[in-house]
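Morning, everyone. Let me put the model up and walk through a few places in it.

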Amino acid sequence: MGRKVTLATCSLNQWALDFEGNLERILKSVEIAKTRGAKYRLGPELEICGYGCADHFYESDTLLHSFEVLRKLLESPITQDIICDVGMPIMHHNVRYNCRVLFLNRKILLIRPKMAMANVGNYREMRWFSPWNQLRKVEEYFLPRMIQEVTGQETVPFGNCVLSTKDTCIGTELCAELWSPRSPHVDMGLDGVEIFTNSSASHHELRKADQRVNLVKSATTKSGGIYLYANQGGCDGDRVYYDGCAMVAINGDIVAQGAQFSLDDVEVITATLDLEDVRSYRGEVCQPHLECEPKPCHRVKVDFSLSTCNNLYLPTHQPITWHFHTPEEEISLGPACWLWDYLRRSGQAGFLLPMSGGVDSSSTACIVHSMCVLLCQAVENGNSQVLEDIRRVVGDDSYSPQHARELCGRIFTTYYMASENSSEDTCSRAKDLANQIGSTHMNINIDMAVKGILGIFSAVTGKLPQFRANGGSHRENLALQNVQARVRMVLAYLFAQLSLWARGKPGGLLVLGSANVDESLTGYFTKYDCSSADINPIGGISKTDLKSFLLYCVEHFQLTALRRILAAPPTAELEPLTDGQVSQTDEADMGMTYSELSVIGRLRKISKCGPFSMFCKLIHLWKDSLSPTEVAQKVKHFFRMYSVNRHKMTIVTPSYHAESYSPDDNRFDLRPFLYNARWPWQFRCIDNQISQMEGDNVV
């Protein structure tokens with residue numbers, strides 16, 4: 001009796017609407033799976049068209065081209081003699097569904113629509129798809145003629161059904177269904193389904209990977225079974241990075257693990273497992289006959305076996321310990337891979353970064369350096385696709401990178417844009433770091449441009465604004481800071497367009513931003529300054545995490561120049577120096593520390609706190625350091641800053657999503673951008689609460 005099965009799951013770096021490239025990557029994954037002896041291949045969610053098509057899902061072209069790719073897959077000799085499980089959008093009865101299509105030897109076995117939509121955070125599936133909410137209901141789906149010509153079928157099963165082979169039973173979950181409190185695998189397991197599959201498009205967030213692994217382990221700990229998890233990888237054209245982590249589990253143990261961060265466009269994970277281990281586990285632990293018997297699953301039978309009769313001596317995969325990256329490693333790897341996908345797919349020739357000698361711009365620079373390290377490692381390991389992409393980016397068909405520092409010099413340009421308010425210390429810090437990572441570095445003085453702009457203003461108005469240190473008002477002081485910051489943005493884009501031209505090289509550069517998530521939360525940046533870039537790899541990362549990341553870079557990459565950067569107080573350097581030294585600091589300007597901002601940010605977004613709820617929580621969290629009155633002052637100050645500056649989030653640079661309290665206005669954190677910044681009702685509730693506490697002698 002055959003009982004050992006070899007199964008394959010994968011992570012694919014798909015690209016929204018890149019039907020040709022997506023087809024090639026799907027076929028390559030099937031080919032690899034077959035060479036490793038697999039009889040079942042699982043791919044990521046919506047892999048045919050790419051998960052991130054967004055409103056392109058409304059277009060009939062997206063549905064049409066998806067079926068055209070499906071036809072190519074059905075016709076390909078590569079997909080023969082293996083059950084292929086692919087994802088695509090399908091319209092049934094004029095309703096769009098997010099579906100899995102299972103096929104074998106030019107025949108479609110079944111179509112399984114998604115039942116629980118991902119509709120929180122960055123996900124908006126309910127905008128484009130409807131859930132299939134008819135439990136155990138299966139209907140006939142009439143195939144398009146182009147598919148009928150290949151399969152010879154007019155209709156196929158469409159709905160909540162499972163696949164019954166000659167030796168086992170396979171049931172499907174899609175992404176969010178695993179996270180649902182009513183996950184389908186529970187009832188499927190009680191009805192005898194032995195292999196569960198999950199096709200996902202799950203994006204990276206710091207400290208999130210363990211949740212995913214624990215859910216997969218829990219699914220098979222409760223009811224036994226084999227669980228295959230597939231996920232998209234890379235940047236498919238948006239702010240998120242899909243972080244792979246394809247895996248296989250059995251009876252609560254992980255037996256095969258894919259990479260979380262990878263430059264490979266195709267990664268296939270296979271595992272050989274014994275079905276009898278599932279049956280033995282269930283016989284003792286699960287005892288489905290004692291449970292409330294669910295309605296039986298609709299079984300679609302197929303004359304095919306995943307096992308063979310002579311596999312007695314075939315070794316099976318054994319449990320492994322999952323290696324989780326530290327947050328510092330995640331920052332080093334995730335944004336670096338995202339930047340590379342963006343660079344190679346944008347057709348540009350490299351990156352440009354205005355470097356200030358501070359923590360934020362240094363973090364962006366270190367991520368680019370980490371990207372170069374990963375690229376060199378991939379080339380050394382024989383990744384021909386990475387080498388081909390590098391050669392296209394640098395415009396040299398014979399180039400092979402020998403060292404990360406040397407590659408950095410080819411594709412990364414950094415500028416220190418000095419003004420009369422800049423210190424020698426920040427200039428030297430930026431230069432030292434640029435030298436260690438190998439970027440092409442230059443110093444620019446912006447005073448001439450700033451004076452020219454102020455001269456135009458003075459000629460028109462007859463007035464010349466002054467800094468506060470020279471007797472000017474707050475409005476004058478802020479305007480003078482903004483002029484410097486905006487000049488830097490204009491110059492950054494000028495040099496990005498013409499730097500390579502000036503060196504006699506083709507192509508342009510992508511401008512990188514370096515505003516962190518805490519500064520975005522409070523609006524502590526100038527609208528249309530150097531925070532306005534093409535993309536920002538650190539826009540979703542807190543200042544606290546960035547400092548830890550730089551400490552990691554000191555040890556991991558031997559970037560000793562970072563020690564001075566970490567030791568210096570964060571400063572914008574937009575106000576006049578005092579005796580040649582910086583007099584302006586970020587935390588003094590903001591009126592709170594970065595660590596306080598992180599706490600406030602999590603309460604605002606994750607805990608869904610308005611001003612009053614936040615005050616009520618913080619009087620307990622900060623009771624050892626601040627009085628209720630001081631907490632109230634912090635809360636009021638934050639919400640004033642936040643509401644006055646929220647309009648800046650409407651134009652903020654597209655940033656790598658890494659933090660669950662990100663204020664990104666594009667999709668993740670939808671809020672008004674015109675507030676009553678006095679918050680009279682809410683602040684009065686806080687004041688009344690303090691008065692009551694004083695009356696009760698609590699304060």
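K634 is buried, at 19% relative accessibility. Buried here means under 20% relative accessible area; exposed is over 50%, and partly exposed lies in between, with a 1.4 Å probe and protein chains only. This is a predicted model, where local features need pLDDT of at least 70, side-chain atom pairs count only at pLDDT 80 or more, and totals for chains, interfaces and linings use all residues. Residues are numbered from 1 along each chain as its sequence is written, and side-chain values use heavy atoms, with hydrogens and water left out.

Where does K634 sit? In helix α22, residues 628-645. Helices are DSSP runs of H or I with at least four residues, strands are runs of E with at least two, and both are numbered from the N terminus. Leaving out residues up to four places away in sequence, K634 touches G591, M592, E596, W622 and L626. Contact means heavy atoms within 4.5 Å.

Other buried residues in α22 include V631, V635, F638, F639 and Y642. The helix has 18 residues and reaches 26 Å from first C-alpha to last, close to the 26 Å expected at 1.5 Å a residue. That expected span is 1.5 Å times one less than the number of residues.

Next, helix α10, residues 359-380. Of its 22 residues, 20 are buried, so α10 is largely enclosed by the rest of the structure. Its 22 residues should span 32 Å, and the end C-alpha atoms are 31 Å apart, which agrees. After α10 comes G382, with a positive phi near 90°.

How does α10 pack against α11, residues 384-394? At an angle of about 125°, with the axes 8 Å apart. So α10 is oblique to α11. On cut-offs: under 35 degrees is roughly parallel, over 145 roughly antiparallel, 65 to 115 roughly perpendicular, and the rest oblique. Axes are lines fitted to C-alpha atoms, for helices over the stretch in contact, with angles from 0 to 180 degrees between N-to-C directions. L375, A378 and V379 of α10 meet V386, L387 and I390 of α11.

Last stop, L12. It is in strand β1, residues 4-12. L12 is buried, at 0% relative accessibility. Beyond its neighbours within four places in sequence, L12 has contacts that include R25, I26, N231, Q232, D265 and V266. P354 is 342 residues from L12 in sequence and 34 Å away in space, C-alpha to C-alpha.

That's my tour.
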